[in-house]
Amino acid sequence: MKFEDVHLAREPAPPTHSVGQRRPLVDGIEKVAGRARYTADLPFPGALVGRIGRSPVAHGRIVRIDVTRALALPGVRAVVTGDDFAAPYGVIPIAQNEWPLARDRVRYRGEPLFAVAADDIDAAEAALRAVQVEIEPLPAYFDADAARAPDAVRLHDNKPGNVERSVEQDFGDVDAGFAAADLVLERRFDCAEVAHGQIELNASVAQWDPERAQLTIHSVTQVPYYLHLMLAQTLGLDPAAVRVIKPFVGGGFGHRVEPLNFEMIAGALARAAGGLVKLELTREEVFLTHRGRPATQVRLKIGVTRDGRITAVDAEVVQRGGAYAGYGLVTILYAGALLHALYRVGAVRYRGWRVYTNLPPCGAMRGHGAVNVRFAFEALLDEIAHGLQLDPFALRRANLIEPPYRTLNDLQVNSYGLPQCLDAVERASGWHERRGRLEGAGPIRRGLGMACSHYVSGSAKPVHWSGEPHAVINLKLDFDGGLTILTGASDIGQGSNTLLTQIVAEVLLLPMARIRVVATDSVLTPKDNGSYSSRVSFMVGNAALRAAEAMKRLLVEAAAKRLEAAPHDIEWLGESCGVAGTDRRLDFAQVVQAALVDTGTLTIKGAWSTPPETQGGKFRGAAVGSTAGFSYAAQVAEVEVDTDTGAVRVVKLWVAHDCGRAINPLAVEGQVQGAVWMGLGQALSEETQYHDGLPLRPNFLDYRMVDIVDTPPIDVTLVESIDPLGPFGAKEASEGGLHSVPPAVAAAIHDAVGLRQHALPITPDRLLEALHQRKRDDKLAAQRAERAARSTQGS
């Protein structure tokens, strides 16, 4: 080829930058225009209607399930029971003790017993009524103390004391740490069970191909890979016979991390009926499926020197885990692991118990494992600061980490923006000028409180250890010049598809419009470990970065060959490139043409795994809490308390979040605001309640979430500490800001009315009772003082 054959660009277009830019989500148009199709929206004409029959008792032995009458009804195509499954399931390989449909015993009220598929809803409901069930009741336990009683019946034969997992961890000399402290405080905290509250109802559409013995399922999952494994396992299928497709998902927050019973039930019904089954759950059934944050009791003791240094921590945590294992053993380990890595601490003792009870199983929820213990820790630090007459900011600053830092429990901290977060919210809230000086009117009292938090950017060790990379991306380039990102990572509303697009666009200096994302279809996309523990930005982002860099190298080499130059002489500008210092240039289409010579379509793989030094220590349970990067947050809350009613109104929240590098500041701010919003709900109103195992709040009227009327202005500051391992320095952005909301609100309430609240949520009735109790106590103390004074005068 001669140089005169090469296109001479008059003026090369400037490169396009995407990272650090405020970009709308790539799927935003579909969502706001109503074009996005969620599982229940998918058009499957002729699909049978699936319904689930559930246990009316909380604990009992299954004597008989007779489906004969149901199968004889017109329009009923299939009825399945626990006997139609080959194996139990669970998200943790060593803790799989739940059947999609109960076998031998039921362990919570509402547990699936049988399921039907019929031509229409009426036939399906008739089939449910026709199934005859006989259950022999057994003692049921609805709190951890009752379940752990010496005479309690075992819910699982291999778990004495109904303890799913107990944890004992000691780091450093705790007793010596307390001896060296100038102030030691110990308190007990109670946190209610909370649910995820995702808007989209659970649904699955399963299609069985009887000729090929293959199953295709569309479902609401956050982790198609886990679902794929459990469908094959529970249905006794070769994994190659299973296809999992995730459509748009309307929120997850951890509820859909685990494979869920209705998904496997849909598969079993489709196989039994020999066709297509659509299974949609009601809101009450979603609450019964649960997997929310467990009710938690915390006993916490902290020792601190006069200047604020934390010398020792002693924590005991009891979690009411519900009927099955789920994520339980990980949750109870997280509660202890994340006592570390936020502050420098002298020594830590941790004891944890995850307890089986006859309630819907708990699982992972946004901020998995650490929210309740962080509430206790930060609330106690606020009380300690008051006792030492230290400003709460000063107490935190006395315990800051200097990265790189290795914690007592072998967690690696490589970036640490907490000092900047503290500075930001202290300044933005006018802390020193306003705290203790806020005036109310009539019964209204006002206050400011603060707290800090942190979280992982994905677990450094995957749940299913296979030796494969933690994340894989395929990047495809074809004749049209379009790039396609193929990923198994689930975008569940957090904007991961947009993030991956921005990363690829930034590396190649191309406009985002050239890039499409095809995600979460096990036939088309590479396996991914899923959307949980804020892993996608860090891990899948790194895989996308590597794929894009490899693609760029290939394109540069092709351009250099076409231009008869060395690759290092090529100046890459995205939509064009050329030999530096000359006018010899190619536009992007010509580069693509050159790259496809002799090869055709290009597919480049990018893979990434966490470095070994970030994967935790060698003790039992050390992998939980390990991560390649921690996010950090500081928060100030301003509240108004009505002392006549106990009602709390959050006036404003200031949050600063260390996200490493904000790939998309617009999306990051939204994620931080969402985390804060969920934290407000847990702080003030959200709790599940049961009566003899029957949920009392299984709907969005009675389960009280914060709504737009209650939502205060949330002032977000992004701190970019630039993590050395994150893609472009990025870390997690959607969970770490949640943990500090409840303690910040509790501290603000104390600043307003002088009362410490040790239980969540801080509802008006609880706070009003505390205010009344203080009046009674003050009156009693005054009477005692008066009697003492009279006694002294009389003598």
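## Salt bridges

Which side chain does Lys476 meet in a salt bridge? It's Asp478, with N and O 3.9 Å apart. Keep in mind that you're looking at a predicted model. Asp478 is buried, because its relative accessible area of 19% falls under the 20% cut-off. Lys476, on the other hand, is partly exposed at 25%.

Take a look at Arg187 and Glu383, whose side chains form a salt bridge at 2.6 Å, N to O. Arg187 belongs to strand β8 and Glu383 to helix α10, so this pair ties together parts 196 residues apart in sequence. Glu383 counts as buried at 14% relative accessibility, while Arg187 is partly exposed at 26%.

Glu468 and Lys527 also make a salt bridge, and their closest N and O atoms are 3.6 Å apart. Glu468 sits in the loop between β18 and β19, Lys527 in the loop between β21 and α15, and 59 residues separate them. Both are partly exposed: Glu468 has a relative accessible area of 40%, and Lys527 has 26%.

## Two packed helices

Now find helix α6 (residues 224-235) and helix α7 (residues 261-273), which pack with their axes 10 Å apart. The angle is about 50°, and that makes α6 oblique to α7. The crossing is right-handed.

## A nonpolar patch

On the surface, Val518, Val523 and Leu524 form a nonpolar patch with about 240 Å² of accessible area together. Val518 is in strand β21 and is partly exposed, at 30%.

Key:
Residues are numbered from 1 along each chain as its sequence is written. This is a predicted model: local features need pLDDT of at least 70, side-chain atom pairs count only at pLDDT 80 or more; totals for chains, interfaces and linings use all residues. Side-chain values use heavy atoms; hydrogens and water are left out. Patches are made of residues with over 30% relative accessible area and no salt bridge: like charges are joined within 9 Å, nonpolar side chains (Val, Leu, Ile, Met, Phe, Trp, Tyr) within 5 Å. Accessible areas come from the Shrake-Rupley method with a 1.4 Å probe; for residues, only the protein chains shown count as cover. A salt bridge is a side-chain nitrogen of Lys or Arg within 4 Å of a carboxyl oxygen of Asp or Glu. Helices (H or I, at least four residues) and strands (E, at least two) are DSSP runs, numbered from the N terminus. Buried means under 20% relative accessible area, exposed over 50%, partly exposed in between (1.4 Å probe, protein chains only). Axes are lines fitted to C-alpha atoms, for helices over the stretch in contact, and angles run from 0 to 180 degrees between N-to-C directions. Angles under 35 degrees count as roughly parallel, over 145 as roughly antiparallel, 65 to 115 as roughly perpendicular and the rest as oblique. A crossing is left-handed if the near helix is turned anticlockwise from the far one by less than a right angle, and right-handed if clockwise.
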